[in-house]
Amino acid sequence: MSSTPRTRFAPGSIWTWLLIALIGVGLVLTVATNAVDALFPPAAATAQGQEIRDLYTVVFIIAAVIFFVVEGLIVWTVIRYRRKPGDDELPPQTHGNNLAEITWTVVPTLIVAFLFVISWQTLNNVEAVSAEPELTVDVTGSQFAWTFDYLDGSGATVASQTVANGEGGILALPVGRSVQFRMHSVDVIHAFYVPAFLFKRDVNPDAQNRPTVFETTIDEAFAGQVLRGQCAELCGIGHRKMTFEVHAMTAAEFDAWLEDAGQEPTPAPSGDVGTTVELVAREIEYVDKELEVPAGAPFAIDFVNEDVAGVPHDVDIRLADGTTIADTQPVDGGASTTYVYGALDPGEYTFMCSIHPIPAMTGTLTVQ
Amino acid sequence: MATTAPALRPAATSYRSGLYEWLTTTDHKKIGILYVVNSLIFFFVGGLLALGVRVELAQPGLQFLSDENLYNELFTMHGTVMIFLFIIPILVGFGNYVVPLQIGAPDMAFPRINALSFWMLPLAGILLLSGFVTGGAAAAGWTSYSPLAQDRPLGSPGPGQDLWVTGLVLIGTSSILGSINFLVTIFKMRAPGLTLFRMPILVWTVLVTSVLVLMATPVLTSALVMLFIDRNYGGSFFDPANGGDAVLWQNVFWFYSHPAVYIMVLPAMGMISEILPVFARKPLFGYKAFVFATAGIGALGFSVWAHHMFTTGSVYLPFFSLMTFLIAVPTGVKMFNWIFTLWRGKLTFSTPLLFALGFLSMFLIGGINGAFSAAVPVDFALHDTYWVVAHLHYVLFGGSVFGVFAGIYYWFPKMTGRMLGEGLGKIQFVIMFIGFNLTFFPMHALGIAGMPRRIADYAGNAGWNDLNLAATIGGFLIAASILPFVWNVFVSLRSGKPAGDDPWEGNTLEWATSSPPPPYNFDHLPEIRSERPVFDLRHGRTKPAATLPDPGPVSQPTH
């Protein structure tokens with residue numbers, strides 16, 4: 001730039017101010033029309049979430065008032081106390097004012113004390129856990145799957161749902177009944193998060209197997225709705241895929257669903273299969289990484305998952321370019337299954353676990 | 001003034017110039033400039049990493065990155081680089097340059113340790129980034145929670161995470177050495193008459209920051225060593241699979257990393273506390289209250305770390321909630337002190353003041369949206385969502401980075417003897433201000449709507465598309481605002497307007513010497529009767545001292 005300041009950008013020039021003001025007004029209008037709605041949480045699906053939402057509203061109102069007062073004070077001061085051109089006189093050299101300073105120490109202290117007290121009260125309600133909840137769900141987090149085990153009064157599992165890579169089972173929950181979640185992880189830290197609950201809780205691996213626990217009751221009005229859930233704590237390459245769906249059901253629907261889900265699934269008949277090969281997964285690794293099957297005929301893989309419960313695997317088959325040509329259902333740790341595949345042309349294919357797409361769970365399938 | 005005074009010492013150690021001088025210098029001013037330049041380079045690197053993240057999130061679907069692990073590397077290294085290689089060191093750089101000048105000292109107390117502290121940083125930066133070419137950089141987030149950061153197939157196998165640990169240990173060592181250097185310099189090397197309560201606020205904030213660094217950084221360093229042992233020698237500190245405790249890592253990590261927020265904010269607060277009085281032509285309103293508020297933030301800063309862990313289920317929630325609410329009080333005191341410094345002033349809207357006002361208005365938002373997370377139940381909804389990303393950027397970008405640019409425009413004339421262009425400076429400010437808000441304000445709404453952090457992709461029907469696109473456009477505006485800045489520096493270094501000793505009518509001692517100052521800083525010092533010695537001298541309240549008392553053998557830069 002030249003050494004003489006250009007008048008267009010001269011400090012305090014009317015055009016600079018007009019420009020800034022125009023941009024400011026434009027921004028404020030655009031933001032304000034959408035902001036208030038967008039800055040409020042979705043309708044809360046649970047009794048606890050509703051309390052959190054009420055607390056949020058109080059905090060939001062206080063925050064908004066403070067914001068407009070202080071930001072307004074800044075803007076007004078800046079506009080009001082510009083230095084006029086040629087004004088070389090010093091303004092009054094004020095060093096402080098005890099009354100003002102005590103005021104702006106005490107008043108904020110009272111405000112935050114109030115906020116602390118009301119949030120503590122809400123916290124006690126949100127954290128309350130009953131000795132005998134109407135339903136207990138044992139949640140297992142793993143990379144990158146959720147397992148939801150429904151427990152009966154004695155703690156035995158009556159039904160189980162696995163959601164791997166966001167696919168598979170669901171988390172069905174009855175409305176109007178208190179549900180206690182007891183959560184633990186088999187590998188890294190995950191977090192159980194349902195935005196409509198306005199709540200999340202970490203799912204920790206723990207050497208002493210202490211679960212993290214919370215309890216919630218879905219509002220009757222949400223029966224029939226499907227709510228989005230997702231892992232909220234970074235857990236590795238498949239983190240974003242660790243989604244699940246909460247299906248809110250009336251009590252009667254839920255009881256029927258639970259009975260249905262508790263039936264042992266009958267494995268699909270294997271039919272006419274020429275060749276069957278064996279494959280074992282252990283500690284997130286295929287024991288064999290080379291398999292051979294004949295070309296032009298259907299074949300099967302007897303798959304044994306020797307990992308702990310809550311760690312599902314599958315055996316998908318992919319082309320060299322990454323296209324999946326056989327998409328299989330995951331098998332939970334400790335279980336086994338037989339996957340049946342259609343006839344393939346001769347060549348080399350990749351078989352891999354879609355939940356753990358790492359070299360240890362990738363192998364070569366030679367078809368000849 | 002200084003230029004017309006007779007030379008009091010022979011110019012035996014006149015400035016050597018050239019690369020050799022920059023590589024071997026122990027002059028706090030040159031080391032300060034090295035810190036600033038090095039940090040800005042890493043700022044650009046960290047910015048490019050962030051653009052990678054924003055491009056991927058502009059639309060649903062994986063379009064830009066086929067390798068999802070690379071996405072995790074991008075945001076991990078973005079956070080790491082911005083915090084450890086940009087914000088913390090650039091503030092240390094300003095401290096290095098300005099603190100000895102403001103206290104009338106000829107150099108830092110330990111010039112060679114000062115050089116050592118600096119040179120660890122580029123080395124650490126190269127170590128951290130070299131992960132990208134040795135099979136993948138660290139990808140467990142800048143927080144590196146265990147067990148994800150452990151050496152296991154789906155955790156953090158490969159050398160990237162070890163390089164991250166090693167780089168951070170180096171940076172931590174640099175910080176510890178630097179903080180001792182600052183403490184000794186500030187306590188032992190102040191000019192006659194410069195009592196503690198006449199120290200410029202920037203010196204106070206660097207003092208408190210150094211105490212924080214000295215108390216907190218060794219905790220992080222030991223945690224990092226334990227993580228390294230876990231990863232490489234079968235330790236069992238943080239891995240439950242071996243009987244360790246995953247949440248323990250979070251406790252020790254945040255015991256450093258929450259005070260680190262104040263390490264990243266306090267010096268920036270100090271910088272704008274220097275700038276606002278100068279451009280308002282008034283003293284700082286409530287100097288002592290400001291000092292006590294700074295010390296209060298430093299002390300309370302050690303009792304709030306677990307507010308990053310409210311959802312772990314392993315924290316005594318009411319205590320950390322209360323402390324987190326309380327820390328808003330001293331922060332609010334400072335906000336009112338700043339506003340009433342401007343009140344009834346006569347404001348000159350030079351670029352440093354614009355950036356300082358950017359700090360005030362944006363840091364205000366960063367403070368207010370932090371109060372939401374102090375209310376624990378509300379934090380249950382907001383934790384680990386984009387709300388937190390918005391909050392931390394309003395604090396660290398809206399606060400610290402705007403403060404840093406205010407400082408660059410303010411002290412560039414002292415460092416180089418030339419002014420930065422006002423026109424380009426204002427263009428940079430306007431673009432950066434708009435870009436910043438366009439990027440980070442929508443993230444509040446994304447977080448409220450349930451978008452978690454650190455996901456490479458999201459469902460197209462989740463309702464997050466428009467806000468993500470807006471944030472990405474804003475990200476590119478921020479990047480665009482860097483271009484006029486770089487051009488401004490380039491042009492000003494070649495042909496900028498000569499600054500003279502005191503272009504802003506400053507208050508503090510750095511404006512009582514030439515621009516740039518001589519290697520030994522001062523030919524003579526004015527009398528010091530208040531926290532504004534140069535103001536007093538300009539308005540005839542004090543007389544210039546005739547001679548400078550011989551500061552003794554530490555005065556000369558040693559090579």
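View 1. A:Phe144 has its place in the loop between E1 and E2 of chain A, in a model that is predicted. The peptide bond that leads from A:Gln143 into A:Phe144 is cis, with omega near 0°.

**View 2. The sheet of chain A that includes E1 and E2.** This open sheet has 6 strands in the order E4-E3-E2-E1-E6-E9 of chain A, and its pairing is mixed. Its edge strands are E4 and strand E9 (212-217) of chain A, each of which pairs on one side only. Strand E1 (residues 135-142) and strand E6 (residues 178-185) of chain A are joined in the parallel sense over 7 bridges, and A:Gly141 has A:Ser185 as its bridge partner in E6(A). Strands of a sheet pair through backbone hydrogen bonds, either parallel or antiparallel.

**View 3. Two hairpins that share strand E3 of chain A.** Strand E2 (residues 145-151) and strand E3 (residues 157-164) of chain A run antiparallel and are joined by 7 bridges, with A:Asp149 facing its bridge partner A:Ser160 in E3(A). The hairpin that E2(A) and E3(A) form has 5 residues between the strands, and in its turn A:Gly155 has a positive phi of about 95°. E3(A) is also joined by 2 bridges to strand E4 (residues 167-168) of chain A, again in an antiparallel arrangement, and here A:Val163 stands opposite A:Gly168 in E4(A). The hairpin of E3(A) and E4(A) has 2 residues between its strands, and A:Asn165 in the turn has a positive phi of about 50°.

**View 4. The sheet of chain A that includes E13 and E19.** E13(A) pairs with strand E19 (residues 362-367) of chain A in the parallel sense over 4 bridges, where A:Glu290 stands opposite A:Thr364 in E19(A).

View 5. A:Asn97 has its place in the loop between helix H2 (47-80) and helix H3 (98-127) of chain A. A:Asn97 counts as exposed because it has 12 other C-beta atoms within 10 Å, and a residue is exposed if that number is 12 or fewer. From C-alpha to C-alpha, A:Asn97 and A:Ile118 are 32 Å apart in space, while they are 21 residues apart in sequence.

**View 6. The contact between chains A and B.** The contact takes 83 residues from chain B and 83 residues from chain A. Among the elements of chain B that each supply at least two residues of the side touching chain A are helix H3 (68-102), helix H7 (246-280), helix H11 (351-374) and helix H14 (422-448). The residues of this side of chain B divide into 50 nonpolar, 21 polar and 12 charged.

View 7. In the loop between helix H4 (111-130) and helix H5 (159-188) of chain B lies B:Pro147, which is joined to B:Ser146 by a cis peptide bond with omega of about 5°. B:Arg281, in the loop between H7 and H8 of chain B, has a positive phi of about 60° although it is not a glycine. B:Arg281 is buried, with 20 other C-beta atoms within 10 Å. B:Arg344 lies in the loop between H10 and H11 of chain B, and its phi is near 60°, a positive value in a residue other than glycine. B:Arg344 is partly exposed, with 15 other C-beta atoms within 10 Å.

Notes: Residues are numbered from 1 along each chain as its sequence is written. Chains are lettered from A and ligands numbered from 1 in the order in which they are written. This is a predicted model: local features need pLDDT of at least 70, side-chain atom pairs count only at pLDDT 80 or more; totals for chains, interfaces and linings use all residues. Two strands pair if DSSP finds at least two bridges between them. Two residues are in contact if their C-beta atoms, placed from the backbone, lie within 7 Å. Ala, Val, Leu, Ile, Met, Phe, Trp, Tyr, Cys and Pro count as nonpolar, Asp, Glu, Lys and Arg as charged, and the others, Gly among them, as polar.
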